[in-house]
Protein chains: 2
Amino acid sequence: MKKYGFGVDIGGTTCKLGLFETTGTLLEKWEIPTDTSNEGENILSDIAKSLNEKMEEQIIQKDDVEGIGIGLPGPVRRDGVVPVCVNLGWKNKHVAKELEELMGGMRVKAANDANVAALGEMWQGGGRGCKNMVMVTLGTGVGCGIIIDGEIVPGSNGAGGEIGHMTVNRHETIPCNCGRKGCLEQYASATGIARLAREHLAKEHESSLLEEIGEISAKAVFDVYKDGDDETAAAIVEEFAEILGNALSNLACVLDPEVFVIGGGVSKAGKPLLDAVEKYYRKAAFSSCDSIRFALAALGNDAGMYGCVKLILE
Amino acid sequence: MKKYGFGVDIGGTTCKLGLFETTGTLLEKWEIPTDTSNEGENILSDIAKSLNEKMEEQIIQKDDVEGIGIGLPGPVRRDGVVPVCVNLGWKNKHVAKELEELMGGMRVKAANDANVAALGEMWQGGGRGCKNMVMVTLGTGVGCGIIIDGEIVPGSNGAGGEIGHMTVNRHETIPCNCGRKGCLEQYASATGIARLAREHLAKEHESSLLEEIGEISAKAVFDVYKDGDDETAAAIVEEFAEILGNALSNLACVLDPEVFVIGGGVSKAGKPLLDAVEKYYRKAAFSSCDSIRFALAALGNDAGMYGCVKLILE
């Protein structure tokens, strides 16, 4: 194994780049803007330029670099081709091969960003020591990365781990962004929790939540919940936790992972959130899956970069 | 690759044994009783004796056999150890190693029977040509084998693919065999379909199903359904198909397989059953999973033996 590896997590606005030792230490991280103009044709050359500059600055030889891992916000086929990535403007782009050429033959692997984040958490974060895990990312939506025997499960259409679109309520009348109704994401994402909160508050007159200025957020709900004596906040969190805990108990019957790692912005609420979800999971879980653990993600926004590096170590 | 392989599917009553060419042709199959006396201590030596006799009879040298694959009705760890198998009386048994010794060093691999059946259907049956598939077995219960990138997903506790215990109805009052309520198995197994039928018939006075002698069965429901003009049978099948189709749409978001292969005794109802389930799947499915196909299992009770042989080819 060579000494260094690069992790590149491409987002719609910025690319996060990291220089790692292949033992798992993040040595340095920096960002460059994502130039999505002209169907994103400059993204990979901008990345190559930045990586080359960093190698020059740190006096790192090409022969000391194991490779470059890339995460991106869309499905990636096993051969490194991106069929379509709306946020970057890419279509049928052979990302791995193109960056490989731009970097003078350096090894490149690419995968979906939710999946590399899961891989990162398995390698150096909340799932450390496990080879079978499910990472659930509670952000604007509900993302998920599934790792089986140390490998990402991308799915045959890149829809592996799209648990945000499991139907959890067949009686929902309001549509999800996907056009269907009753998706997990409608209740367990930051947006979903805020929606549950608005529904609860429409029926309540006494709640510290009512004093929130501007729009009710998932963060506000958990902040008030953690203070401990607001019944409405408690009711909202219980509803969220029951829906997510039940959904994870169904996932457990299918995949039987060692651990569920919970990440994303909403997970900053920390242990009280984890405890609430786990309580409902335990109530609902199939007995063979009793030993499954719950853990908080530990790498924050760096998880993707870590996972990118892990990609090239395989 | 050597010319021959043996597949041994161990059941609680009989062991099915098959001599295969490693190209996938079943040359001969036979059965021996499963002797579960004394904690099943004779099962493996009985199998070894039968395999040795067959090799002698067919004048097959040990060097011409790639190995022996075993399927059994319980969880099997990756190292070939069976932690517990109630139906065979085994506990902490290193099945692979023991049979290997009994067969003079021949290669042996072992896995769960539902999982090897899935592998068999992928190799030579309804999932031929696919590497990502979910096989759903509708029998007394609802079994399932998950294959990702050509490999079985056993789960960290051997509960991978236990989709029969996904909760599909949180309002169910009658308990499942597992002690929980509202499991898929309570509606989509042979027993479950018969139960749905009894519920429907309790409210109906006109149905050809009422003429069935003795106990109402899933087979009777589908037989009458296929005749085409019994409203009660149609209502029962629609209810079953909606529950199973919805559950598979949730599975699709998680695993995104290429194909769902439907097998087990109930699947003998054939295309009308497949069409009904697929109709509800299409209604409920996440758009990225639209291309997933449905197929009937093709190998019947031999699927396990086929999968056992596939195990040793890896």
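## A talk about sheet, interface and helix crossing

Colleague: Happy to look at this with you! How many bridges join strand E1 of chain A to strand E4 of chain A?

Modeller: Gladly, and keep in mind that this is a predicted model. Strand E1 covers residues 4–10 of chain A and E4 covers residues 65–72. The number of bridges joining E1 to E4 is five.

Colleague: Thanks! In which order do the strands of that open sheet lie in chain A?

Modeller: The sheet is open and has five strands, with mixed pairing. Its edge strands are E3 (26–33) and E7 (108–112) of chain A, each pairing on one side only. From one strand to the next the twist averages 20 degrees. The order is E3-E2-E1-E4-E7.

Colleague: Let's turn to the pair of chains. What kind of axis relates the two copies?

Modeller: Chain A can be laid on chain B with an RMSD of 0.0 Å. That takes a turn of 180 degrees and a shift of 0.0 Å along the axis. The copies are therefore related as by a two-fold rotation axis.

Colleague: Nice. Which helix of chain A gives the largest share of the side that touches chain B?

Modeller: In total, 32 residues of chain A are in contact with 32 residues of chain B. The side of chain A holds 14 nonpolar, 15 polar and three charged residues. Seven residues, the largest share, come from helix H8 (residues 231–255) of chain A.

Colleague: And in chain B, how do H6 and H8 lie to each other: roughly parallel or oblique?

Modeller: The axes of H6(B) (residues 190–203) and H8(B) (residues 231–255) come within 10 Å and cross at roughly 135 degrees, and the crossing is right-handed. Among the residues making the contact are B:Leu196 and B:His200 of H6(B), with B:Ile236 and B:Phe240 of H8(B). By class, this contact has seven nonpolar, two polar and one charged residues. Given the angle, H6(B) and H8(B) are therefore oblique.

Definitions and conventions:
Residues are numbered from 1 along each chain as its sequence is written. Chains are lettered from A and ligands numbered from 1 in the order in which they are written. This is a predicted model: local features need pLDDT of at least 70, side-chain atom pairs count only at pLDDT 80 or more; totals for chains, interfaces and linings use all residues. Two strands pair if DSSP finds at least two bridges between them. Helices (H or I, at least four residues) and strands (E, at least two) are DSSP runs, numbered from the N terminus. Axes are lines fitted to C-alpha atoms, for helices over the stretch in contact, and angles run from 0 to 180 degrees between N-to-C directions. Copies are superposed by least squares on the C-alpha atoms of residues with pLDDT of at least 70 in both. Two residues are in contact if their C-beta atoms, placed from the backbone, lie within 7 Å. Ala, Val, Leu, Ile, Met, Phe, Trp, Tyr, Cys and Pro count as nonpolar, Asp, Glu, Lys and Arg as charged, and the others, Gly among them, as polar. Angles under 35 degrees count as roughly parallel, over 145 as roughly antiparallel, 65 to 115 as roughly perpendicular and the rest as oblique. A crossing is left-handed if the near helix is turned anticlockwise from the far one by less than a right angle, and right-handed if clockwise.
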